[in-house]
Amino acid sequence: MKLYLMIRRVVALIIASVQFLLGLFGVSVNPMKNVIEEPNLAPQAVIAGQSGSAIADAQYLTDGKIETYWSSGQKENAYVELQFPEAVTFNTVVLRELTASVKSFALQTYENGKWVDFFKSDRIETYRFCTFDPVTTQRVRLVVHEQAGTFRLQEMEIYNIAPKELDEPLRIAAYKRIDFNKSWKITDKVHEMKAAYGENSAQYKEAYQAMKTYSRYFEVINEVILFNGVDWTTEGGVHIRDGADDFRREIAALHEIFDVRDIKTDVRITATILCPGNNEVTAQSLTDHMDTLVENIVAFVKEYGLDGVDFDWEYPDQSAQWRVYGQFIKKLDQAFDREFGDSVTIGVALASWGVGFSRSAMRAIDEVHVMAYDLFDDDGCHSTFMTGAYNPMRYFNGLHYHREQFNLGVPYYGRPVDGGAYWPSWSQVANEPDAYWSNAFPGNYTDENGNPVVLDDYYNCPSMVADKTAFALQMGLGGVMIFPLNADRPHGNPLCLTDAIRRTIEERVE
């Protein structure tokens, strides 16, 4: 593992160096443009103070050039203060770092004789999109609390981004595991309490309130993807693991839950159809039984009244596999058009590497669920803003697909920093006072000899989920994808991740 991390650091240093050298000549490497129409307010400010440095001047932080940077010889709590001629209002700060050295930072404003945090996080890395409630102030300070080595910050941009008008609602698609997370257990409890004790009983009211609280997720989520319950067979059949009755029961329960919401919105129900085996088995199944599979999927959608299907092939590794996958997608799209018109959609889950779909195959896909997680940085942190938002979308941007197709994936689970095969849920994290801003929490494990080991688990806290949602909006993406919904805290809990998405939409969508 140490050798692996060392190699990654060397590669990261090489990439950063190439980016820096090309920047000297005005060349960008696969740029992801901000698409921020509002003016950058930072150049209006003067540098009113900074921690000591013999390396670079803080003036470079607001000069609009990524070839220059500010650094500091101060190892802890290095800072730079920007002062505006008069008070300004803003809700977004964009930070760019040449290195990957910053490990903890905060944005502060001066209030009643002291500096007060209005945003804080861990990493900055290549690009960090920081969002928060509007701040009105004349003095802003960036503090780097912790760094490894010497940081080099290229830019600090300050924006007051206005709410956007969208032609279509932002897609909020949530994978909901149905192998153990049964919606009908919630609705059945309501029915049982009503039958046993009556509608006026405390037992019934408690069960009904639990259903009501759960329904609030679907005031935000507008697509539920039923996951880990449906497969296609090697012969092109569609197999429901728990049987047709349980599958219908799940769908009926979801509709019952939708009906008790205070805010009624359209919620689509789609289902993931998982591959029959490894790459070779899956490709051979498509080659031999494509027409049969297409016919069976059309029948499956019709029988259960679904709004679409989703495929999660992880991952084709040969051009021939991508080709047959694309042929299947196009044939299914044509069959859907004949049978349902435009009402039934096709979604695919993709990672940000090695995608080999043809242009025509991509045109047949309605939604791409970007698996922007389980992607580790040099410290073993998965799905940071860089690894879990900026880099994945920069990759797909370089393929020139339509941004409206993409749902940026956000994890509702953590991963240990050693990359171990554990996926703890956000719902398990202690309700600590600072948890809204904190992505890392200690996890307890055992080593190969059975000895207890404490490792940090890296999550996406509510603040990070809000930042990624706002980034998806700003970049013109189609939406956000949640994996998995059952790992969230209940609606109303201050650390509920879905509530962070809701608040961001309320603030940033007209």
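User: What is the relative accessible area of D179?

Analyst: D179 is partly exposed, the class between buried (under 20% relative accessible area) and exposed (over 50%), using a 1.4 Å probe and protein chains only. The model is predicted, so local features need pLDDT of at least 70 and side-chain atom pairs pLDDT 80 or more, while totals for chains, interfaces and linings use all residues. Residues are numbered from 1 along each chain as its sequence is written, and side-chain values use heavy atoms, without hydrogens and water. For D179 the relative accessible area is 28%.

User: With which residue does D179 form a salt bridge?

Analyst: A salt bridge here is a side-chain nitrogen of Lys or Arg within 4 Å of a carboxyl oxygen of Asp or Glu. The closest N and O atoms of the pair are 2.4 Å apart. The partner of D179 is R177.

User: How far apart in sequence are the parts tied together by R171 and E367?

Analyst: R171 and E367 form a salt bridge, with 3.5 Å between the closest N and O atoms. R171 lies in strand β7 (residues 171–177) and E367 in strand β14, so the pair ties together parts separated by 196 residues. Strands are DSSP runs of E, at least two residues, numbered from the N terminus. E367 is buried, at 3% relative accessible area, and the separation in sequence is 196 residues.

User: Which strand gives the most residues to the lining of the second largest cavity?

Analyst: A cavity is a set of points on a 1 Å grid over the protein atoms alone where a 1.4 Å probe fits but cannot get out, and lining residues have an atom within 4 Å of a point. E367 is among the residues lining the second largest cavity, as are T345, I346 and G347. β12 (308–311), β13 (345–350) and β14 (367–370) each supply at least two lining residues. The most, 3 residues, come from β13.

User: How many charged residues line the largest cavity?

Analyst: D179 belongs to this lining, with others including K182, R241 and E250. Asp, Glu, Lys and Arg count as charged, Ala, Val, Leu, Ile, Met, Phe, Trp, Tyr, Cys and Pro as nonpolar, and the others, Gly among them, as polar. The lining has 4 nonpolar and 2 polar residues, and the number of charged ones is 6.

User: Which residue is the bridge partner of P442 in β18?

Analyst: β17 and β18 (residues 452–458) run antiparallel and are joined by 7 bridges; strands pair if DSSP finds at least two bridges between them. The partner of P442 is D456.

Key
On a 1 Å grid over the protein atoms alone, a cavity is a set of points where a 1.4 Å probe fits but cannot get out, and a pocket is an open set with protein on both sides within 12 Å along at least five of seven lines; lining residues have an atom within 4 Å of a point. Helices (H or I, at least four residues) and strands (E, at least two) are DSSP runs, numbered from the N terminus.
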